[in-house]
Amino acid sequence: MIKSIEIGRKEDGNRSIADKIIKRIHDLEKTVQNNHGRWAWELLQNAKDSVAENNRKVSVLIEFSGDCIKFSHNGDHFTEKDIRGLINQISSKEVDEGKISTRTGRFGTGFLTTHLLSKEVFIKGIVETSDGDLYRFGFPLNRNGNTTSSLIPNIENAWTEFHSSTENNRIKKYDEDQYNTSFAYTLDKDQKKIAEIGVKEFTELIPYVLAFIPKIKSVKIVDKVKNSDLEFLNTDKIIEGFKKIRKIENGEHKIVRIIYSTDGHVSIAARAVKKTDGSYQLFSLKNIPKIFCDFPLIGTENFHFPIVVNSFFFNPQTERDGIWLTNGANDPEVNENKELILRALTLYKQLIDSIGNKPFTQIYHISNTNIPETDERYFDSSWYKISIQKPLRTFLLTKSIIDYEDGSKGRLSETWFPLKAYNKEIREKLWQYTFDLFPTAVCRKEDLTHWMELIWEDIQKITYGVLIDDIAGSKSISELSHYFDKDENLTFDWLNEVGNFLMKDEANLSLFQKKAIIPNVNKKFAIKSSLYLDEINDDNLILILKLLGLDWNNILLHKNVNFGEFEEKNKKDIARNIVEKLKNTNNSSPDLIEAITILSEWFDNNSQEGHDLFGETYKKRAELFMNTIEDKESLYKVMRSSTNLSQLSKVVEAMEDDPKIFHNLEGTKEIFALLKQHSVEDINQLRDLLENRPVRKSLLPITEDIITSMGITNLDDWQEAMDDKDLAAIYNHKSTPTREMFIYAQGLIKKAKQNIIKHLRTLDDYNLDNLDESTATTVLAGILKDGRELSIVARPAYNGEVIIYYGSERNTLDYIPSELWVDDGNLPRKITLGHILKQAKIVKFPI
């Protein structure tokens with residue numbers, strides 16, 4: 001062997017190692033803002049990898065003392081390859097390439113990210129040689145040096161110090177439970193900040209890592225600066241869908257709940273906390289990396305999959321800040337990543353189905369379906385939209401994941417949200433006014449901002465126009481009051497608030513010309529251009545014009561309205577219309593006579609105004625009045641009568657109070673003649689006669705209660721119902737139910753179902769763990785009663801009746817072991833066949 005050549009070969013190897021280290025650290029220093037916490041994950045990964053291929057579990061201790069941070073673990077000892085990997089920076093994976101391994105990768109270029117903490121680290125541990133001997137060691141690893149020539153001596157010194165530390169340190173065995181391996185980093189002021197940020201990130205994410213990696217038994221963090229002691233204890237068990245990580249902070253024990261599901265290759269997770277009422281509140285995932293490859297891929301916080309996804313088999317990008325999802329059909333790594341995401345989607349759907357019948361709130365935290373924000377060069381957006389986003393959104397639309405203010409839940413497809421384009425103030429106003437009208441048509445107010453970030457174009461939107469349509473559908477103040485269950489004064493207050501809100505945006509003024517939502521004096525809604533301010537201030541003149549056939553209460557603005565600007569109508573305007581009507585009226589109807597009578601009296605009390613406003617009509621007022629009297633002979637009799645006029649006046653008042661007095665006198669004669677004709681001598685004979693006479697019934701009007709009783713929630717089902725000749729014979733099918741009726745019915749049906757489900761859960765002989773509400777709107781399947789499968793038809797009966805119309809209900813009650821349950825507002829109860837026979841008075845029926 002030529003010694004000089006061998007020395008040159010060794011120098012070439014050291015130069016190659018030094019070049020690799022310098023370049024990698026240089027690149028890392030440029031990304032330090034995104035890698036504050038990566039050092040902790042690299043060290044934890046190495047600890048996990050040390051026991052990856054045996055049955056042991058590893059515990060970790062992190063000690064932070066301000067100018068130093070020390071990472072220790074009780075995993076397996078080092079191998080000779082591990083030592084070479086540490087000093088020469090060659091990954092164990094590189095050394096073992098071609099072999100199947102459960103290691104994420106030890107002491108490769110990823111380990112260099114720990115030098116963002118410090119370029120000087122003191123490493124202690126135990127190494128096993130190829131012949132099986134064990135040695136304790138401890139040596140400094142110094143990566144200072146910006147040139148090859150300055151770094152090579154540090155590499156050689158590391159080897160020298162390592163070999164020196166093993167002299168006279170041979171051991172026969174060691175305590176595996178002790179923290180035999182440690183990495184101690186000396187910190188300056190800037191590096192201390194990196195350590196603090198890393199510890200904070202590590203503390204927040206470690207529960208997810210423990211859920212994904214059972215090989216890590218515990219993690220303890222001792223912060224001597226803040227004098228705090230924090231420990232996380234792992235578990236293998238999954239209880240009721242949760243992994244419960246024990247957290248001990250300064251002696252106080254808590255449970256960190258991770259909702260968890262896995263298929264062996266892929267796992268999904270999210271954090272939740274159990275509330276005092278027994279419900280589970282989900283945590284936000286906004287700042288949590290969504291992709292884990294056993295450990296978090298920092299940088300995937302905006303990869304908007306709805307839940308955290310982990311797989312050991314993910315193929316991460318070089319900087320471990322994402323996964324390869326490029327448009328490359330022939331790339332096996334890309335295809336594997338896509339397949340893993342598809343498996344995660346399946347797990348997610350199963351998870352949502354499993355929590356649908358459990359008391360989970362804030363489900364929006366795991367409902368994000370937006371396109372991931374990632375480097376477009378490495379992301380196939382077309383594949384993601386078609387294979388992930390579209391099926392995900394289609395699935396979520398059908399699920400009851402919306403929390404309502406009354407504590408119930410509703411489907412996303414049945415819930416309305418303000419348009420995203422509006423600012424926060426407008427969105428909250430639109431929410432409030434829609435909630436006032438339809439409490440189960442919008443989410444909880446506290447959830448609104450969160451859902452607004454997630455909704456998409458297929459979800460129903462609340463706009464100015466939609467709000468106006470909802471109000472216009474009421475037709476009048478009295479109908480609008482019905483929705484609030486308030487008096488009309490409070491309804492006016494609400495409408496005034498809404499009106500002023502809408503008119504703040506000038507673009508909405510045209511909507512008031514198209515939709516009638518402003519009340520006139522008759523309290524009926526009208527369009528804005530048809531209404532006028534009442535400057536007449538005279539009810540008699542308005543009544544006169546009404547008797548003449550023109551009701552100005554339809555065009556005069558109600559006095560309680562305080563929004564909008566309107567033109568006026570005054571006495572001159574109404575006088576002109578009265579005169580015009582009198583000119584064009586030739587009949588002698590009672591209304592005309594009454595109008596002229598009131599006008600004549602008004603002239604007597606307002607002579608000057610009568611002269612100024614009515615002109616010629618006022619001058620001819622006596623003639624006008626006399627022309628209304630056809631039976632002048634009777635008038636003359638009255639005038640010639642010796643009876644005091646005040647007494648005659650009382651007779652007239654009595655007849656006005658009860659106009660039927662005269663007719664009753666005449667009618668009595670006819671009734672007695674009719675009774676005599678039919679030989680009816682007393683009231684009992686009359687009752688018998690009437691009860692035997694068939695009575696023709698009129699068609700019933702369509703109401704919200706009827707729709708609710710039938711369990712109908714949309715127009716298509718109503719039209720199908722009217723094809724049933726029996727139902728059509730009862731209800732007026734020419735009128736069409738309104739959208740508000742269906743929303744009202746949906747709300748009551750939903751309420752009844754929730755109450756019945758809640759009651760059934762209190763009964764020992766009913767098991768609802770596999771409850772399925774997807775069979776039909778009012779059918780609850782998947783229930784076990786005394787161990788036998790049972791289906792239940794659940795219906796509201798708040799108006800005291802139930803109409804069975806749906807074929808699905810009839811079939812369920814006919815062919816399947818089933819029961820009929822109703823909620824009448826008191827306590828949900830089962831309706832038996834005996835109850836139906838008794839209440840409906842059924843004494844016979846076909847077989």
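**Ground rules**

I am working on a predicted model, where local features need pLDDT of at least 70 and side-chain atom pairs count only at pLDDT 80 or more, while totals for chains, interfaces and linings use all residues. Residues are numbered from 1 along each chain as its sequence is written, and side-chain values use heavy atoms, with hydrogens and water left out.

**Whole chain**

I found 30 helices and 31 strands in the protein chain. These are DSSP runs numbered from the N terminus: H or I with at least four residues for helices, E with at least two for strands. The chain has 847 residues, and 46% of them count as buried. I noted an accessible surface of about 45,300 Å², with 49% of it belonging to carbon and sulfur atoms; the areas come from the Shrake-Rupley method with a 1.4 Å probe, and for residues only the protein chains shown count as cover. Taking contacts between residues at least 6 apart in sequence, I see that 63% join residues at least 24 apart. Contact here means heavy atoms within 4.5 Å.

**Two loop residues with positive phi**

Most residues other than glycine have a negative phi. Back to D786, then: its phi is positive, about 55°, although it is not a glycine. D786 sits in the loop between β28 (779-785) and β29 (788-796). N537 also turned up, with a positive phi of about 55° and again not a glycine. I placed N537 in the loop between β24 (533-534) and α15 (539-547), and at 61% relative accessibility it counts as exposed.

**Helix α6**

I checked the length of α6 (residues 189-212). Its 24 residues at 1.5 Å a residue should span 34 Å, and the end C-alpha atoms are 34 Å apart, which agrees. The expected span is 1.5 Å times one less than the number of residues. There is a kink of about 45° at L205, shortly before the proline P207. The bend at a residue is the angle between axes fitted to the seven residues ending there and the seven starting there. At the start of α6, a side-chain oxygen of D188 comes to within 3.1 Å of the backbone nitrogen of D190.

**Helix α8**

I found another kink in α8 (residues 381-397), about 30° at Q389, shortly before the proline P391. Its buried residues include W383, Y384, I388 and Q389. What covers the buried residues of α8 includes α7 (332-355), β18 (400-403) and β19 (409-411).

**N337 in α7**

I looked at N337, which lies in helix α7. At 0% relative accessibility it counts as buried. Leaving out residues up to four places away in sequence, N337 touches F313, F314, N315, I323, W324 and L325. N337 and P316 are 21 residues apart in sequence, with 8.9 Å between their C-alpha atoms.

**Aromatic pairs**

I counted 35 aromatic pairs in the structure. Rings of Phe, Tyr and Trp (its six-membered ring) pair if their centres lie within 6.5 Å; planes under 30 degrees apart count as stacked, over 60 as edge-to-face and the rest as tilted. F139 and F162 have ring centres 5.7 Å apart and planes at 80°, so I logged the pair as edge-to-face. The pair links F139 in strand β5 (residues 134-142) with F162 in helix α5 (residues 148-166), 23 residues apart. F139 and F162 are both buried.

For F484 and W494 the centres are 4.7 Å apart and the planes at 55°, so that pair is tilted. F484 is in helix α12 (residues 477-484) and W494 in helix α13 (residues 488-503), 10 residues apart. F484 is buried at 11% relative accessible area, and W494 is buried at 9%. Ring pairs link F484 and W494 into a cluster with Y422, Y433, Y464 and F501.

**Two aspartates**

I found D294 in the loop between β14 (291-293) and β15 (295-296). D294 counts as buried, at 8% relative accessibility. A polar contact of 3.4 Å joins the side chains of D294 and K48. By that I mean N or O atoms within 3.5 Å; within protein, one must be able to donate a hydrogen and the other to accept it, and residues adjacent in sequence count only if both atoms are side-chain atoms.

D177 is in the loop between β6 (170-171) and β7 (181-186), and it is exposed, with a relative accessible area of 60%.

Terms used. Buried means under 20% relative accessible area, exposed over 50%, partly exposed in between (1.4 Å probe, protein chains only).
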